[in-house]
Structure formats: structure tokens, C-alpha cells
Amino acid sequence: MERLLRCAAALSGDPVVSRAGHALGVVEHVMLDLVRGRLAFAIVARGGVLGIGERLYAVPWSALERDALRDCFVADVDPARLDAAPSFDARAWPVMDADWALRVQAHFGKEAYTL
């Protein structure tokens, strides 16, 4: 029987690939909009070796689809566009306010989203 529900923490480490099948990274965190009670972003880790040089990217949840057959997330973005997205280091997270959310959403060409 297919699993229909998973704990958000269990998504950490799930691969993220582009529609063309290119590896983009792995889910590190799932960010929730606590005001509206919905999923907002997946924080995707990309690059680096053993965590050194790794960058984190907030990918709008609306840019992701779950592929149950491959047990991964498929992002509506190519690797170059992800590399050009706003990113941050795991030790220096940005202030995730409304302006930040709008910049991220605009970069990915998704509907404006305000926190």
C-alpha cells in the first residue's frame, strides 16, 4: 500500500531533480507559513562536499511536485536558474520576511506570496 502521509522531518534528505532529470540537491527543511497554515518553501541544499561549500536555496512549494515512483521531488526549474537564485549558508539564514519571500517567488516565476 502506498504511503499517503509523511512527517515533514522525514522529507529531509529527499532528492530534488529538474523536469529534465538533473540532480538539483536534497530537501533540508520544509518551511511553513504559520499564519495561513500551509507549506511555503522547501529549503534545498546544493553543492559542496561533505557540507563544505554547500548553499541553501528556498524553493517555493508551488514549484515542486512529488514523484512517488522515483521517491523524489521534481522542481519546475533548471540547474542554472537554481544556481542564480537567492541562496544562503546554513550558518547565516536570511530574515524570511515578506520582501524576501517576494524576491524568491519572483525569481522562480511563481505567484506572489506574502508572509
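Is Asp 71 buried, partly exposed or exposed? Asp 71 is partly exposed, with a relative accessible area of 43%, where buried means under 20%, exposed over 50% and partly exposed in between, using a 1.4 Å probe and protein chains only. The structure discussed here is a predicted model, in which local features need pLDDT of at least 70 and side-chain atom pairs count only at pLDDT 80 or more, while totals for chains, interfaces and linings use all residues. Residues are numbered from 1 along each chain as its sequence is written, and side-chain values use heavy atoms, with hydrogens and water left out.

Helices (H or I, at least four residues) and strands (E, at least two) are DSSP runs numbered from the N terminus, and two strands pair if DSSP finds at least two bridges between them. On these terms, an open sheet of 7 strands has the order E5-E6-E1-E2-E3-E4-E7, and its pairing is mixed. The edges are taken by E5 and strand E7 (87-88), each with a single partner strand, so one side of each lacks a neighbour in the sheet.

Leu 39 is found in strand E3 and counts as partly exposed, at 36% relative accessibility. Together with Leu 32 and Leu 34, Leu 39 forms a nonpolar surface patch with about 330 Å² of accessible area. Patches are made of residues with over 30% relative accessible area and no salt bridge, like charges being joined within 9 Å and nonpolar side chains (Val, Leu, Ile, Met, Phe, Trp, Tyr) within 5 Å. The areas come from the Shrake-Rupley method with a 1.4 Å probe, and for residues only the protein chains shown count as cover.

Aromatic contacts come next. Rings of Phe, Tyr and Trp (its six-membered ring) pair if their centres lie within 6.5 Å, with planes under 30 degrees apart counted as stacked, over 60 as edge-to-face and the rest as tilted. By this rule the count comes to 3 aromatic pairs. In one of them, the ring centres of Trp 61 and Phe 73 are 5.6 Å apart and the planes stand at 65 degrees, so the pair is edge-to-face. Trp 61 lies in the loop between strand E4 (55-60) and strand E5 (64-67), and Phe 73 in strand E6 (residues 72-75), so the pair ties together parts 12 residues apart in sequence. Trp 61 is partly exposed at 22%, whereas Phe 73 is buried at 4%. Phe 88 and Trp 93 form a tilted pair, 4.9 Å centre to centre with 55 degrees between the planes; Phe 88 is buried at 6% relative accessibility, while Trp 93 is partly exposed at 34%.

Phe 73 also meets a charge: the charged end of Arg 66 sits over its ring, 4.7 Å from the centre. The criterion is NZ of Lys or CZ of Arg within 6 Å of the ring centre and within 35 degrees of the ring normal.

Finally, the structure holds 8 salt bridges, each defined as a side-chain nitrogen of Lys or Arg within 4 Å of a carboxyl oxygen of Asp or Glu. Among them, Arg 19 bridges to Asp 76, with the closest N and O atoms 3.5 Å apart. This pair links distant parts of the chain, 57 residues apart: Arg 19 is in the loop between strand E1 (15-18) and E2, and Asp 76 in the loop between E6 and helix H1 (79-83). Arg 66 forms a salt bridge with Asp 71, the closest N and O atoms being 2.3 Å apart, and Arg 66 is partly exposed at 35%. Asp 89 forms another with Arg 91, at 3.3 Å between the closest N and O atoms. Salt bridges that share partners join Asp 14, Arg 66 and Asp 71 into one network.
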